[in-house]
Amino acid sequence: MITQYNNSNNNNNNNNNNNNAVLKRSPLVDSVAIEKDSSNPYNDFRHSMLQMIFEKEIESEDDLQDLLQCFLHLNAPCHHHVIVKAFNEICEEAFPHKIVVLTQLYCSMAMDALLAS
């Protein structure tokens, strides 16, 4: 399984010198993936996701979706159902106001995970 951690500062915006507009930069850009063996993948994925959410100050729906996509992309399909379960439970607890959109995302990701395995 692969988990992530933050290895940089929290500079989440880039300046566009042409028109001085502030462009949003994904908070996951400077993250580093770590491969590890786990006797409890659910707890490890959950801990890693929470760590990323707090350290990277992730709270927008787009950034949450990017976080889930990143975990799914980095890990084997056999772990996808555990990743989606941990992600969904975190969203229900930490982001209840976003639960409708994230539940739709969860259902989509769960179906993709089932089809991939």
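Among contacts between residues at least 6 apart in sequence, what percentage join residues at least 24 apart? The value is 69%, where contact means heavy atoms within 4.5 Å.

This is a predicted model, in which local features need pLDDT of at least 70 and side-chain atom pairs count only at pLDDT 80 or more, whereas totals for chains, interfaces and linings use all residues. Residues are numbered from 1 along each chain as its sequence is written, and side-chain values use heavy atoms, with hydrogens and water left out.

**The whole chain.** Colour by secondary structure to display 4 helices and 4 strands. Along the sequence they follow the pattern β-β-β-β-α-α-α-α. Helices (H or I, at least four residues) and strands (E, at least two) are DSSP runs, numbered from the N terminus. Of the 117 residues, 36% count as buried, that is, under 20% relative accessible area with a 1.4 Å probe and protein chains only; exposed means over 50%, and partly exposed lies in between.

**Helix α1.** Select residues 41-55. The 15 residues of α1 should span 21 Å at 1.5 Å a residue, and its end C-alpha atoms are 21 Å apart, which agrees; the expected span is 1.5 Å times one less than the number of residues. Buried here are Asp44, Phe45, Arg46, Ser48, Met49, Met52 and Ile53.

**Helix α1 against helix α3.** Axes are lines fitted to C-alpha atoms, for helices over the stretch in contact, and angles run from 0 to 180 degrees between N-to-C directions. Show side chains next: the α1 residues in the contact include Tyr42, Phe45 and Met49, and those of α3 include Val82, Phe87 and Ile90.

**Glutamate 57.** Move to the loop between α1 and α2, where glutamate 57 is placed. Its phi is near 55 degrees, a positive value in a residue other than glycine. Most residues other than glycine have a negative phi. Glutamate 57 is exposed, with a relative accessible area of 56%.

**Helix α2.** Finish with residues 61-74. The 14 residues of α2 reach 20 Å from first C-alpha to last, close to the 20 Å expected at 1.5 Å a residue. Asp63, Leu64, Leu67, Leu68, Phe71 and Leu72 are buried in α2.
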